[in-house]
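This briefing is meant for a reader who is meeting the structure for the first time. Please keep the sequence and the 3D view at hand while reading.

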Amino acid sequence: MQTRAPSSSDNCLLDVQGLRTWFHTRAGVIKAVDGVSLQVKPGEILGLVGESGSGKTVTGFSLMNLVDKPGRIRADRLFFDGRDLQALSAKEYRALRGNEMAMIFQDPMMTLNPTLRVDTQMIETVRAHEPVSRRAARARSIDMLVKVGIPAPEERMGVYPHHLSGGMRQRIAIAMALLNSPKLIIADEPTTALDVTIQGQILYEVQKLCREMGTALIWITHDLAIVSGLADRLAVMYAGRIVESAPTADIVRGARHAYTHGLMASIPTFDTRGRNLFQIPGSTPSPLNMPAGCPFRTRCYRASPQCVEAPVFEEAAPEHGVSCWHPGVEA
Amino acid sequence: MTALVFAALYLVGDPVSMLASPEATEAERELIRQSLGLNLPLWRQYLIFLNKALVHLDFGNSFLTGEPAIRLILERMPATLELATVAMLMAVLIGVPLGIYAGLKPEDFGARSVMTGSVLGFSLPNFWVGLMLIMVFAVFLHWLPAGGRGPLQPFGPIQLSVFSWDGWRSLILPVSTIAVAKCALIIRVTRAATRECLPLDYIKFARARGLSEARVLGVHLLKNIMIPIVTIAGLEYGQVFAFAVVTETVFSWPGMGKLLIDSIITLDRPVVVAYLMLTVVFLSLLNLVVDVIYTVLDPRVQTKAGA
Amino acid sequence: MTAMDAALESPAAPAQRESMLRLFAEQFLTSRLAVLGLALLVLFLCLAIFAPWIVPQNPFDIGKLNIMDSKLPPGSASSSGAMTHWLGTDGQARDVFSAILYGLRISLVVGLVSVSAAFAIGATVGLISAYFGGRIDALLMRIVDIQLSFPAILVALVLLAVLGKGVDKVIYALVAVQWAYFARAARGAAIVERNKEYVQAARCMSLSWQRILWRHIFPNCIPPLMVIATIDLAHAIALEATLSFLGVGVPVTEPSLGMLISNGFEFMMSGAYWIAFYPGIALALVVVAINLVGDHLRDILNPRNEI
């Protein structure tokens with residue numbers, strides 16, 4: 001059942017409010033994603049930043065409805081292109097995946113099936129969503145390989161994945177995501193497993209392609225430095241919640257949440273050369289044992305007794321949301 | 001290897017006493033002994049055997065019927081082949097889907113029953129299963145014959161019974177007997193392989209691309225788990241061939257296995273030796289074929305061939 | 001001997017072992033099927049041990065048998081009225097229930113003895129092979145591999161053809177078939193242990209290799225070997241039954257369950273099914289019970305091994 005709801009947020013491609021993905025295990029309930037709200041406009045690039053265990057990958061999977069049991073996804077609002085994702089049947093969701101919403105995974109070595117050839121895997125992606133002939137699908141795949149910068153694409157089509165390097169494989173994965181001209185791509189740390197030089201290339205090419213094709217992109221990463229050159233907006237996640245969300249320039253100039261400050265300060269730059277690197281004290285709390293109220297409370301230098309109550313996500317400045325009782329630009 | 005078997009068999013028992021009638025005089029027994037070459041010293045017998053076997057492929061004649069041992073065995077091989085092949089096919093065709101199901105939803109009641117059933121399947125002795133099947137289907141229900149092979153039709157150089165409905169009626173019980181244990185094994189292997197493969201990234205990626213579940217399981221998963229399954233199925237095929245001995249006895253199936261038992265009991269040594277030689281050759285060939293199939297199925301193994 | 005030597009030589013403190021036993025027992029109790037299997041096993045063991053006192057009739061005392069009582073269906077009274085044949089009588093007027101109990105004894109004895117002997121021989125070979133490595137390892141494992149590539153039943157058949165009939169011969173054949181599994185498993189476990197530090201420490205102490213092997217390495221290899229021993233026990237009993245069924249196993253004078261089934265086979269078509277059926281059920285129950293226990297043991301002790 002497709003419902004075109006009147007979106008209160010104008011012009012939004014993806015509108016997520018209060019996303020909660022909880023895993024009901026025997027050891028307890030793991031609240032991997034606990035109240036995440038995101039908005040992505042068409043063609044916009046959003047950087048979702050967080051450390052390991054912050055729930056960013058699970059957020060990506062939740063949007064695609066790829067969370068395995070015992071996880072359950074709930075949201076106050078989960079709208080994509082005007083459609084309510086929570087009202088979709090499994091079949092409708094499957095028609096959406098790989099078609100209008102695509103995903104790129106982290107480890108290119110494991111993403112492609114080692115026993116199937118590249119062309120098989122690309123052609124099946126096209127034909128799963130559109131009744132085209134094999135020849136047409138093949139042609140489209142080769143075109144896309146050219147676009148992502150793979151030399152001699154016809155030859156590459158006929159090989160098995162293990163014949164290719166990591167960078168090549170990731171480009172093929174990106175090509176596969178772009179094959180059906182999706183409106184949104186969710187990229188889960190796609191360059192983390194690659195060499196630094198290849199990282200830069202892929203970043204540049206992905207940015208170029210998204211601008212060309214008007215595809216919105218959510219780039220999930222732990223590396224604030226990388227994504228700040230790429231993204232239009234940044235959203236910072238901590239312990240399953242979004243703690244700050246703003247245009248990239250705003251965050252770089254003046255982040256308001258203590259955690260974001262910490263992240264920015266930890267990036268080694270030219271200025272910090274020769275000095276001790278800044279570290280946020282403490283470590284991420286276990287998902288089974290979250291402190292009550294603000295999850296960052298135990299490590300925050302601004303913490304006060306008020307922080308035992310969970311802070312609300314509010315706009316501290318135009319388009320700049322923060323979840324903190326003591327937002328502020330000063331360190 | 002051959003020397004060992006030869007020596008062991010020939011040192012024990014006196015086939016002449018089995019073959020000659022009890023009233024035969026010593027002179028008559030001596031005649032028989034001479035005609036069979038048993039009066040020669042052991043090492044000479046062995047050399048003669050080797051010479052005939054390797055050069056002329058002549059394993060000697062059966063003490064019992066006088067026919068060449070090799071011919072006896074080869075005559076009955078198609079029957080055993082038929083039994084083994086159909087049984088193995090059945091085991092794979094039933095076992096793989098069940099194993100995938102058990103691996104997909106391991107906590108389901110259905111999946112757990114399948115696994116418990118598989119323990120039953122490979123623990124119950126082969127002949128017991130056969131006996132039970134005969135009791136139920138032949139004795140009580142009178143649906144199927146209790147033994148023997150169905151009508152034969154030529155298939156190239158050999159004769160098979162699979163082409164007629166009657167042939168199948170005789171085939172189904174012995175085949176099921178063998179298939180039960182092998183099916184159980186295949187279910188377990190498939191389940192283990194499925195559980196290993198399902199959480200891997202490429203399965204998730206296939207789902208993320210919107211591929212139908214049928215394709216994800218039937219192509220992506222299957223191609224990966226077929227590798228260990230085919231390997232094990234191939235090796236088990238050799239075991240089935242040998243174990244057919246029991247099933248053929250229970251169902252009076254005229255195959256190689258029954259011949260072997262009879263030959264052992266009557267001390268018909270040439271046949272036993274020939275059977276063992278053939279088995280060794282067959283098993284070695286089978287291992288070779290399985291290795292080749294493995295390299296064909298798993299593209300990662302072909303490293304330098306035409307990348 | 002310094003204090004360090006003494007510390008190294010003394011076995012693990014008893015207090016530690018007790019809590020490990022308790023942990024093991026707790027884990028074992030998690031599977032109801034396995035507990036059921038264990039209970040069945042204990043029951044069978046008691047039945048077998050106390051057979052002479054439990055049975056209503058001694059099936060081997062020919063004098064006591066009344067030929068008028070033969071082939072009586074289950075539940076009928078004997079002609080002398082002294083007892084009820086709960087499971088019927090066979091062709092020689094033997095009470096099936098009594099025969100089963102005595103047959104159980106033989107089956108269990110053959111199984112336990114052969115597995116123990118195979119365990120001893122196989123573990124020794126495997127441990128020595130792993131400890132010394134090099135050419136000894138290569139040679140021993142070559143022999144093991146050749147042995148394992150042959151279907152068990154063929155090896156057993158050939159051996160029995162050579163050795164003839166008899167309970168002890170059957171045990172030899174079974175040992176010969178099984179020792180290779182133990183050898184392979186023991187070697188695998190020992191190789192893992194060999195590289196651990198406590199072995200190197202023991203070597204530094206110049207302890208004799210026998211000491212190191214038996215008192216240090218071996219105890220740590222026991223868990224996987226126990227799993228194999230349990231499952232092998234089921235295989236041994238099933239294999240013995242199969243061999244007896246085929247007519248090459250235990251002699252008629254000491255019938256195991258397999259022999260009883262074989263005897264009853266001919267009566268199946270004429271309607272006296274119980275002669276083969278009940279011994280068959282007994283055999284199946286024993287084997288399945290052992291396998292259930294062994295399967296669960298494997299889950300507890302070898303969590304990575306799913307097959």
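Over which residues of chain B does pLDDT stay under 50, and how many contacts beyond four places in sequence does the model have for them? The stretch is residues 303-307 of chain B, and the model has two such contacts for it, where pLDDT is the predictor's confidence in each residue, from 0 to 100, and two residues are in contact if their C-beta atoms, placed from the backbone, lie within 7 Å.

This is a predicted model, in which local features need pLDDT of at least 70 and side-chain atom pairs count only at pLDDT 80 or more, while totals for chains, interfaces and linings use all residues. Residues are numbered from 1 along each chain as its sequence is written, and chains are lettered from A and ligands numbered from 1 in the order in which they are written.

**Chain B as a whole**

- Chain B has 12 helices and two strands, these being DSSP runs numbered from the N terminus (H or I over at least four residues for helices, E over at least two for strands).
- Read from the N terminus, the elements of chain B follow the order α-α-α-α-α-α-α-β-β-α-α-α-α-α.
- The mean pLDDT of chain B is 76, and 74% of the residues score at least 70.
- Confidence in chain B is lowest in helix α2 (residues 15-19) of chain B, with a mean of 51, and highest in helix α9 (residues 201-208) of chain B, at 89.
- Of the 307 residues in chain B, 39% are buried, a residue being buried if 20 or more other C-beta atoms lie within 10 Å of its own, exposed if 12 or fewer, and partly exposed in between, with C-beta atoms placed from the backbone.
- Among the contacts in chain B with a separation of 6 or more, 69% are between residues 24 or more positions apart.

**Covered helices and a buried proline**

- Helix α9(B) is mostly covered, with six of its eight residues buried, namely Y202(B), K204(B), F205(B), A206(B), R207(B) and A208(B).
- These buried residues of α9(B) pack against α1, β7 (101-104) and α3 of chain A, together with α10 (213-251) of chain B.
- Just after α9(B) comes G210(B), which takes a positive phi of about 85°.
- In helix α1 (residues 56-64) of chain A, nine of the nine residues are buried, and the residue that follows α1(A) is N65(A), whose phi is positive, near 60°.
- P327(A) lies in the segment after β13 (320-323) of chain A, and P327(A) is buried because 20 other C-beta atoms lie within 10 Å.
- Leaving aside residues up to four places away in sequence, P327(A) touches R256(A), H257(A), A316(A) and V322(A).

**Helix pairs in chain C**

- The axes of helix α9 (residues 197-204) and helix α10 (residues 209-246) of chain C come within 11 Å and cross at roughly 155°, the axes being lines fitted to C-alpha atoms, for helices over the stretch in contact, with angles from 0 to 180 degrees between N-to-C directions.
- That angle makes α9(C) roughly antiparallel to α10(C) (under 35 degrees counts as roughly parallel, over 145 as roughly antiparallel, 65 to 115 as roughly perpendicular and the rest as oblique).
- In this pair, Y198(C), V199(C), A202(C) and R203(C) of α9(C) meet I212(C), H216(C) and I217(C) of α10(C).
- The axes of helix α5 (residues 96-132) and helix α12 (residues 274-301) of chain C come within 10 Å and cross at roughly 40°, which makes α5(C) oblique to α12(C).
- On the α5(C) side the contact is made by V96(C), I100(C), G103(C) and L104(C), and on the α12(C) side by W274(C), I275(C), Y278(C), P279(C) and A282(C).

**Where the chains meet**

- Between chain A and chain B, 26 residues of chain A are in contact with 19 residues of chain B.
- The elements giving two or more residues to this side of chain A are α2 (90-96), α3 (108-111) and α4 (118-127) of chain A.
- Between chain C and chain B, 33 residues of chain C are in contact with 34 residues of chain B, and α12(C) gives the most to this side of chain C, with 10 residues.
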